Amino acid sequence: MLRRLYFQIYLGVVASLAALVLLAGLFWHFEGDKSPPNQVFEIVRDVILMALPPPDAEPAKQQEVLERLARPSLPRISLFSENGQLLAHVGPALIAPAPDSKENGWINRPDHHSAWVMHLADGRWLLAQPPHEHPGAPLPLIISLALIGLVVALIAYPMARRITRRLEGLKQAVEKLGAGNFTTRVPVAGCDEVTSLAISFNQAAEHIDTLLQSHKKLLANASHELRSPLTRIRLAVEMQTEHPTPELSVEIKRNISELDQLIEEILLASRLDSMREPVLSESFNLSALVSEECEHAQARCELVPLVLHGDARLIRRLLRNLLENAHRHGGGVINVNMSKTQTETVIQVCDNGSGIPEHERELIFEPFYRPAGSREKEGSYGLGLSLVRQIAEYHKGSVRCLPNPQGGTCFEVRFPC
């Protein structure tokens, strides 16, 4: 149906033009007695009546006046009495009007007897024939309407084709996207609704492509990260079978806990990718939440009374990940500071570790980022910091990594008030 859409648009325009021309013709043909031409016709009739002698005047007198009225534009004029008797005429006499003839109008007759008919107030009939026997509708009007219709018809086709060609391009792009080609994009041109549709399609395709690439990368990295604890568990189980020790049991439990946490983080990352609005959006005491997490992580904290609107469970996860990251990669001292500006709520988690090089401060927020030169057993940053960024952006906020003036690293999270 889409391939024929431009024909439907084009035929609609042409049909509208045809209806316009037809209505104009019908109006011309059936215009009422009060139309401007008929009003002029009545005025001419009254003027002629004033010039003519009374009905009982001598035929010669009536003939004389009729000859004075004759003009090259009216070479044939005939005057009839009320009962149809010929009283006078200029040029060949015309046929008398029938009793049921129109009072004022054009009468079509064969053999060159067509004429304008005027029924005078005193009962007489005056018939006049112009040089061109049938005036009909004016030729310039017909030509003008025909030219307007032709021009609009010629312009309407490329316009309709241009609109539908862009729609066909969108249709083909949707089919490619549905077939799995997520790099498909639509050219954007113009500033109309089709352009807005193309922009929306490109944005949706870009989001889908980014989401799929992110999931592919997450899956590849997660499979690699899962392999290490699984290998350690397998070896520990084998050794436990041969030489059971309490240390091996503790190692197995630790690796299982690591696996459980990693799987939980993968599921949370996927859920955040698919969500747009917080599932639980409510106001909660941010200061109390930060205090609880600092006490659990044995971190120093400077609090100010603050209330935040959002998902308290996700904010707790954000703080916990930052504190765990500070324990794992920082020194032994962790400081948490809270502050508030006119537009933002700010949380800083600082450690006294060796710090992070400037060129890696953005890379560490990528899932499972492994610093250059690090060994396999040292592991990667996992999903912790990636989830921190996701949760912050989920709440319309931001997070960045900064150097600690006292040595180490600070992670600064900002939420809009």
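View 1. The model is predicted, so local features need pLDDT of at least 70 and side-chain atom pairs pLDDT 80 or more, while totals for chains, interfaces and linings use all residues. Residues are numbered from 1 along each chain as its sequence is written, and side-chain values use heavy atoms, without hydrogens or water. Because ten of the eleven residues of helix 9 (residues 384-394) are buried, this helix is largely enclosed by the rest of the structure. Helices are DSSP runs of H or I with at least four residues, and strands are runs of E with at least two, numbered from the N terminus.

**View 2. Helix 8 against helix 9.** The axes of helix 8 (residues 312-329) and helix 9 come within 9 Å and cross at roughly 150 degrees; axes are lines fitted to C-alpha atoms, for helices over the stretch in contact, with angles from 0 to 180 degrees between N-to-C directions. Residues in contact (heavy atoms within 4.5 Å) include L314, L318 and L322 of helix 8 and L385, V388 and I391 of helix 9.

View 3. Five strands form an open sheet in the order 2-1-5-4-3, with antiparallel pairing; two strands pair if DSSP finds at least two bridges between them. Strand 2 (86-90) and strand 3 (104-107) each have a single partner strand, so one side of each lacks a neighbour in the sheet.

Note on methods:
Buried < 20%, exposed > 50% of the residue type's maximum accessible area, 1.4 Å probe, protein only.
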